[in-house]
Each structure stands twice: as C-alpha cells, then as structure tokens.
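The sequence and coordinates are shown first, and the points follow by topic.

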Amino acid sequence: MNVLSIKELHFKYEDRVVLERLDLNVSQGEVVVLLGPNGCGKTTLLDCIIGYRKHEQGSIHIAGVEDKVFSISDKAKRVAYVPQSTSNIFPYTVMEIVLMGRNPHIGKLSAPRRKDSQIAQEALRSMGLTQFADRAFTKLSGGEKQLVMIARSLAQNADIILLDEPTSSLDVKNEMMVLRRIKDMVRKTGKTVVLATHQPNHAYYFENENLAVNAALFVQGRIKHYGAPSKVLTKQNIAEVYNVDCEILQYSDESKAFVAR
Amino acid sequence: MALLQFETEDVTKANRARAIKTAIIVLPLIAFILSIFIGRYELGFVEVVRMIFSPAQHSGEIAYSIVYDLRIPRAILGLLVGGILAASGASLQGMFKNPLVDSGMLGVSSGAGFGAIVGIIAFGNSQAITILFAFGFGLIAVLLAYMIGTVYKSSPKLMLVLGGVIVSALFSSLISMGKFVADPTDQLPSIVFWLMGSLANVSYAQVLYVLVPVLVSAIGLSILGWKINVLSMGERDAHALGINTRVIKILVVALSALGTAAAVSVVGTIGWIGLVIPHIVRMLLGSNNRVIIPYSFLLGAGFLALIDILARTITSAELPIGMLTSFIGLPFYVFLLRRTKGGGW
C-alpha cells in the first residue's frame, strides 16, 4: 500500500498556480527525489504534505487516511520535516533541539519526560551524535546541524520524513556525509523519504546504493517525468526541464553520475 | 584522559548552573526580609523581630503598623510586579525571538497609562477606579495590537510587534493629550506620578488585585515555556513539529498581557525589568524557556524589591522606582553583554 498518496493536488498563491493536478504515490521504505528548477513547486508540495499550507483541491492520503482528519500533532506523528537550513535560533543544546521532535507525542501543555529523553538520546546515537548532546546547536558546522535535524525527525518517530534541500548550504564533504547518513537511516529503519534537491546526482547516489528510489522531475507545478533515476534523469529530459546540456556518465561498476557541460 | 577532562568540565558546568539557580531562588527571600527591616522610618532590628514573632502583643503600636501595613504589603507587591514584568518579557522575547520585545512593546503599558489618565480625569483620585481603567485599557491595547498584527499573513510574529508599536504610539499621543487637558494643579501631578511608577501608598487591597492575575500569568507562561522553545524555531518548523502556532501565540500574548496589565495598573509603568532581566537569565542559564521564564520571575521579583528599598531610603524624598530600575539595571546589563558578547541573539 502507498504510505503517501497524492491525487490531483492543486495549489495557488493568490492567482499564481504553483501546483497543478499533481499526482504522486510513494510506498513504504521508498526514497523519492524531487527535482526541478527554482520555483517549480517542490517546497510548496512539501508544505502541503506537512499541512503548513492548505491545498484547495485534490487530496493527500497518509497510510490510506485522508490528511484532513488529522490534527496538527496527529500529522506530526506521521510526517517529519527537515528544513533547508536552521539559523537565527537561540543557542539551544543539541539535546534540546532533538527533544523538540517529541512534541507531537507530548501533551498539549506539557514538556518532555525521561522517556522522551531516552528516545532523543537513541536518535542522537543512531546519527553518531552522542558526544554532541550538550553542545550548542548554533556552534555546529552546517553538516552537523543537518544531522541533528535528521536526528530530531527520528525522535519524532514518523514514518515519512520530508527533507527540503537538506544539503543546499553544505560543502561537498558535508553533503556526502549527510547523504550517507540518510542512506544508512533508510536501510536501517525502513523510513519513507521524500527529498527535494537541486542535484540530480542525489537521485543517482541513492540508485547507485541500490535503494528503492524514484526521481520526480517537476515542470511548473506538475511532475513531468517520474521513475527510476536512470530512466528519468536522461540527457534529453534534463535538457528539456533545465535547458542545460549534460552528459550522464556510467562507471565500470554500473553507477551513474550527471555532469553538466 | 580527554574524556575525563570533558566529564569534569560538564560537572563544573552543572555545578555552576546549580549555584546560580540557588542564588536566584534565594534572592527574593533575602529581598523580602531586607524590605521588612529597612525603611525610611527608623525601626531597630530587635523591634522588627519582636513585631514579627509576637505580633499579637504589639498591635496598635506604630512599629506594628509600619511592619504589617506598610513594609510587608509593599515588599509583596514589589516581588509580584518585578516577577511578572520579567517573566512576561522572557516569554515574549522567546516567542518573537526578538531581544527588543517586552510586554510594554505590546502596548500594555501605554494603554494602561491612558486608562489611568481617563480614570484620574473623569473620576478624580479614586484608586480603585484608576486601577480598573488602567487594567482594562492595557488589555484593550493588546487586543488592538493583535488585530493589527493579523492584517498581514506573511510574517505574523513580526507583524504583532509592529502592531504593538503602532498601538503604543497611539496611546502615547493620547496620554499627551490627557496631560494637556488635565487640571494642572490637581490632576496633572497625579498623572505624572502615576506614569513614573511607584510602589508607595500600597495596601493589601492592591496586593489582592494583583495576586491572582500575576500568579495565573506566571504559572501559565512557565508551563508554556517548552512550547515556546518549539515555537521559536520558526512557524513552519513549529507547525511540522505538531504545534498549533496560532493557539500558543494567542495564549502567550494573553497571559503576558493579563499579568502585565494587572501589575502596571497598580504601580504604573516600570521600564527595563521586562527587557533586561530575561537577558541576564538567558546569559546565565542557557536558552530553554522552561527554565528561563520561572527564573526570570524570581530574579525580576528580587531585583524590584531590592531596588524599591533603595528608592525609599537613599534620599529623604522617595525616588521614582522606574528611574532607579534603569539606572541600576542598565550598567549591569551592559557589563554582562560585554562578558558574554550577547549570547545567542
């Protein structure tokens, strides 16, 4: 069964149409990589899935249940969200940040208890961050910050994790570190991941690592091409969507990579 | 070896935090005791002790009424007012993630000021009516600020601050108009004294007016502290973490307004406590609002009660307390800013 099923989703800001009759079906444990030019609607789609923006037409079903019946915190029990980057916040400790992931499981007016701390600690451990627990989040490197945010989404204990360009502000080393941790997490936990990115190679990376991955290539609020990265991210499709001339390299071990020319 | 070093560092950090917390908890108590012993009217140490431990035998004496009818209610009021100004300032700063915000910024103080003036001009010097009007207009001002803030959907938190600035400006000009209209021999001095803020002429009645709103506000805000943490991560993030951002925002604003309006309506405007005390607590105890809000209450309480001792003893005429809070609070604040380099804003 599809853990996330989106039908005919329609969204507009004032009178600018951002998402137009968009369909997307994601099954448990799958990675979906959303690709497309700036302003194509990727972030808006994620906003609609977490319920931050309300769609007017179409439907979003989570594990077979239409999302309109979920309260905000019910939704958060099922869908976690990792933002593009986190800045301009108070210098909370890493542990305090990860504990926030427990919010949907905590009473409306309460604070986390011991059990929540244990779950947060476990989430930190699985991201290899145990020794960071008492450090100030704001003093971490960009890559470490993203790992903390992923740990927070694990503490949230949702089946679906959405990531909005999680590596866009990172250098190559940190980018690879974060991708590797996402890959390990999907393998270990079977979480469903929807990841928006500007890098076609992220889709290839997950494919090269033999994860169940689909790439969704957006054009102006619709998914124009959808399927396995090597089927979707072809020279022709990329030229069509981004207007960029490129080459898809194939290495001797069959893994692929995209190079712009 | 390195691990051991980390551990001892953690232990000293934890010890330091515990020592600071203990000091902040004890401070209001010390302030309370000092306020009973120190005052304009010279009472010997032994005499005060006698009043405290065997009040029944001394009722009717001057010393008795000074301790029980003047010093104790005044000390309690100082603690409550200082505490709630600091706690609501801490909550609003945390929620708006804006170091310049305190409850005055929502328009409460100027609204209450205008209400007091209306009360003084229309009904003469009846204390109860002045308080009632100040309280009512303080809340009306916040409501107006909130309504202005919701006109724009884009950045509602910032808009609410802007709404507060607009409403404050409106009521400030109304205050000026009130001063202009007021009778200069009788009403104007009352207005000016009210606006300067003072804990003088306090009775148990006033303590009672303030007690319930202040406790409701302080306890409510402390409970919401952790949710304020989540809210401070930004609207989208907080929503994705399962927070109904609108409900929490309204609760925080309403509780802050309630406590502040009650405090301001009784003692007038006392500036800087709501701004400075939370910053100091943040620098000392970290960023968790669940901790910051109750400890801001305690530190604000102790601070105002101590300042009030100075206000009524350093000169023969009582000094306006609002002036002293800024004179003493601000240099200390600058000192801490230099030491911690702002710590997180």
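Buried means under 20% relative accessible area, exposed over 50%, and partly exposed in between, with a 1.4 Å probe and protein chains only. By that criterion Arg113(A) is exposed, with a relative accessible area of 60%. This is a predicted model, in which local features need pLDDT of at least 70 and side-chain atom pairs count only at pLDDT 80 or more, while totals for chains, interfaces and linings use all residues. Residues are numbered from 1 along each chain as its sequence is written, chains are lettered from A and ligands numbered from 1 in the order in which they are written, and side-chain values use heavy atoms, with hydrogens and water left out.

**Chain A**
- Arg113(A) lies in the loop between helix 3 (94-100) and helix 4 (114-126) of chain A; helices (H or I, at least four residues) are DSSP runs numbered from the N terminus.
- The C-alpha atoms of Arg113(A) and Leu99(A) are 9.6 Å apart, at a separation of 14 residues in sequence.
- Helix 7 (residues 200-208) of chain A is largely enclosed by the rest of the structure, because seven of its nine residues are buried.
- The buried residues of helix 7 of chain A include His202(A), Tyr204(A), Tyr205(A), Phe206(A) and Glu207(A).

**Helix packing in chain B**
- Helix 3 (residues 62-96) and helix 11 (residues 273-285) of chain B pack at about 70° with axes 7 Å apart; axes are lines fitted to C-alpha atoms over the stretch in contact, and angles run from 0 to 180 degrees between N-to-C directions.
- Helix 3 and helix 11 of chain B are therefore roughly perpendicular (65 to 115 degrees).
- Residues in contact (heavy atoms within 4.5 Å) include Gly82(B) and Leu85(B) of helix 3 of chain B, and Ile273(B) and Arg282(B) of helix 11 of chain B.
- The axes of helix 4 (residues 108-123) and helix 10 (residues 245-267) of chain B come within 10 Å and cross at roughly 40°.
- Val108(B), Ser109(B) and Ala112(B) of helix 4 of chain B meet Ala257(B), Thr260(B), Ala261(B) and Val264(B) of helix 10 of chain B.

**Confidence in chain B**
- Chain B averages a pLDDT of 87, and 94% of the residues score at least 70; pLDDT is the predictor's confidence in each residue, from 0 to 100.
- Among the elements of chain B, the mean pLDDT is lowest in helix 13 (residues 321-340) of chain B, at 81, and highest in helix 12 (residues 289-313) of chain B, at 95.

Technical notes. Helices (H or I, at least four residues) and strands (E, at least two) are DSSP runs, numbered from the N terminus. Angles under 35 degrees count as roughly parallel, over 145 as roughly antiparallel, 65 to 115 as roughly perpendicular and the rest as oblique.
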